[in-house]
Amino acid sequence: MPRLNENYLNLKESYLFSEIAHRTAAYAKKNPEKGARIIRLGIGDVTRPLGKVVLEALHEGVDAMGKAETFHGYGPEQGYAETRNAISAYYKKNGIEVDPGDIFISDGAKSDTGNITDLFGHDNVILIPDPVYPVYVDSNIMCGNQVTYIAGTTENNFLPMPDPSQHADIIYICSPNNPTGACYTKAQLKEWVDYAIANQAVILFDSAYEAFVSEPDLPRSIYAVEGAKKCAIEFCSLSKTAGFTGTRCGYTVVPKELVFQASNGQEMSLNAMWNRRQSTKFNGVSYIVQKGAEAVFSEEGIRECQENIGYYKKNAKVIADTLTRLNIRFFGGISSPYIWFECPNGMESWECFDYLLENIQVVGTPGAGFGESGKNYFRLTSFGTYENTSEAMKRFEELFAGKN
Ligand code: MLT
């Protein structure tokens with residue numbers, strides 16, 4: 001009999017978004033008529049189709065695969081040079097130098113933020129914000145790591161700051177934050193970078209929502225902060241930027257400056273380790289998808305992505321305006337696709353989930369799924385269609401008018 005990884009016994013029974021899908025499907029099965037009315041604003045899954053230039057590039061990729069002269073077999077595990085160069089040029093447009101050799105193309109930020117634990121030992125002090133994207137906590141539990149939570153609350157605007165009296169080795173930061181929509185300023189990120197350098201810690205910076213940053217002073221990358229290449233890995237995704245939730249492509253930047261000492265005194269480069277990890281366990285993203293990804297970063301590609309992001313921001317405004325009218329306190333929705341609101345009438349978040357599903361057939365994400373500090377909050381995504389978002393908000397108005 002195999003000895004199993006019993007750390008899995010310490011996980012919640014199912015992953016947050018699987019649990020939501022399961023509960024929603026069970027409700028729909030039991031109540032077919034109401035089930036047909038369900039509007040899903042839970043998981044942040046996009047609804048706008050891929051842009052035209054991306055589609056053309058994907059078609060070109062497919063055609064290339066059909067001819068012996070242009071056929072591609074195994075590609076470089078790190079990604080094709082053209083895709084890495086296009087991403088490096090995108091950083092440059094935002095005033096940041098990133099060496100294409102530090103960029104690794106992957107099938108998305110979820111995989112990389114989960115797999116990065118392969119590079120670290122098991123006795124680190126790991127700081128994880130609460131609430132936050134559940135993959136960070138779950139993937140650390142899976143490998144038996146202890147986690148220290150740093151609470152995001154209304155007092156700190158959901159942006160926990162370092163405590164100089166507390167040591168850390170690994171720090172997770174998500175900005176714009178999933179689920180709260182809170183976004184660190186450059187000065188705040190500088191505090192984290194200084195703290196990480198002082199502690200010889202590494203920051204795992206999830207920038208999956210960078211394309212939603214519309215306030216000009218807010219940084220879209222941790223590398224906007226001086227010194228960050230000495231302490232930070234950055235994870236990015238085309239899922240929300242370019243509608244790739246189904247197409248799958250992301251990238252991770254592991255600067256060569258990230259060098260730490262092993263217990264025997266030998267220097268170890270995180271870039272070399274990640275390269276070793278990926279070339280052993282990953283065969284790269286398909287040539288076709290990387291052709292599409294490269295097109296995302298062309299001038300026209302960026303324009304098309306921003307057009308779709310504008311559409312989602314319009315949805316966010318519909319949600320924000322409704323909650324304002326209903327006097328329900330909320331956060332986010334400006335430089336973020338998510339709206340994070342306080343559950344009305346003192347409800348806890350799973351109670352609120354059931355209440356909304358039962359009464360108006362609107363599905364959202366209970367804040368408790370993102371951590372203990374989220375238990376009285378609820379997240380709505382602006383990634384639905386405009387029609388569904390407007391209809392969901394009409395039902396909110398009917399349900400909560402005069403009750404809050
Ligand atoms: C979310 O809804 O939080 C995200 O879509 C999940 C993900 O990106 O994996």
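Figure 1. On the side of domain 1 that touches domain 2, α11 (299-325), β11 (330-332), β12 (338-342) and β15 (377-381) each supply at least two residues. The biggest giver is α11, with 9 residues. Helices (H or I, at least four residues) and strands (E, at least two) are DSSP runs, numbered from the N terminus. By type, the residues on this side of domain 1 are 17 nonpolar, 12 polar and 7 charged. In that tally, Ala, Val, Leu, Ile, Met, Phe, Trp, Tyr, Cys and Pro count as nonpolar, Asp, Glu, Lys and Arg as charged, and the others, Gly among them, as polar.

A word on the model: it is predicted, so local features need pLDDT of at least 70 and side-chain atom pairs count only at pLDDT 80 or more, while totals for chains, interfaces and linings use all residues. Residues are numbered from 1 along each chain as its sequence is written, and side-chain values use heavy atoms, with hydrogens and water left out.

Figure 2. Domain 1 covers 6-49 + 301-400 and domain 2 covers 54-300, with bounds that come from an automatic or database domain assignment. Taken over C-alpha atoms, the centres of domain 1 and domain 2 are 25 Å apart. In all, 36 residues of domain 1 are in contact with 43 residues of domain 2, where contact means heavy atoms within 4.5 Å. About 3200 Å² is buried between domain 1 and domain 2, and carbon and sulfur atoms give 59% of that area. Tyr15, Ile302 and Ser335 supply 19% of the area that domain 1 buries against domain 2, more than any other three residues. Buried area is the accessible area (1.4 Å probe) that two parts lose on being put together, summed over both.

**Figure 3. Salt bridges, at the domain boundary and beyond.** The count between domain 1 and domain 2 is 1 salt bridge. Arg303 pairs with Glu300 in a salt bridge whose closest N and O atoms are 2.8 Å apart. The structure as a whole holds 20 salt bridges, each being a side-chain nitrogen of Lys or Arg within 4 Å of a carboxyl oxygen of Asp or Glu. Another pair to look for is Arg277 with Asp118, where the closest N and O atoms are 2.9 Å apart. This pair links distant parts of the chain, 159 residues apart: Arg277 is in helix α9 (residues 270-281), and Asp118 is in the loop between α5 (109-115) and β3 (126-130).

**Figure 4. Around the ligand.** The residues surrounding the ligand are Phe17, Ile43, Gly44, Tyr133, Asn178, Tyr209, Lys240, Tyr338 and Arg379, each with a heavy atom within 4 Å of it. A polar side-chain atom of Tyr133 sits 2.7 Å from a ligand oxygen atom. For Asn178, a side-chain N or O atom is 2.8 Å from an oxygen atom of the ligand, and Lys240 likewise has a side-chain N or O atom 2.8 Å from an oxygen atom of the ligand.

Figure 5. Most residues other than glycine have a negative phi, and most peptide bonds are trans. The peptide bond from Ser175 to Pro176 is cis, with omega near -10 degrees, and the one from Asn178 to Pro179 is cis, with omega near 25 degrees. Pro176 lies in the loop between β5 (170-174) and α7 (186-199), and Pro179 is also found in the loop between β5 and α7. Phe158 is not a glycine, yet has a positive phi of about 60 degrees; look for Phe158 in the loop between β4 (148-151) and β5.

Note on methods:
A polar contact is a pair of N or O atoms within 3.5 Å; within protein, one must be able to donate a hydrogen and the other to accept it, and residues adjacent in sequence count only if both atoms are side-chain atoms.
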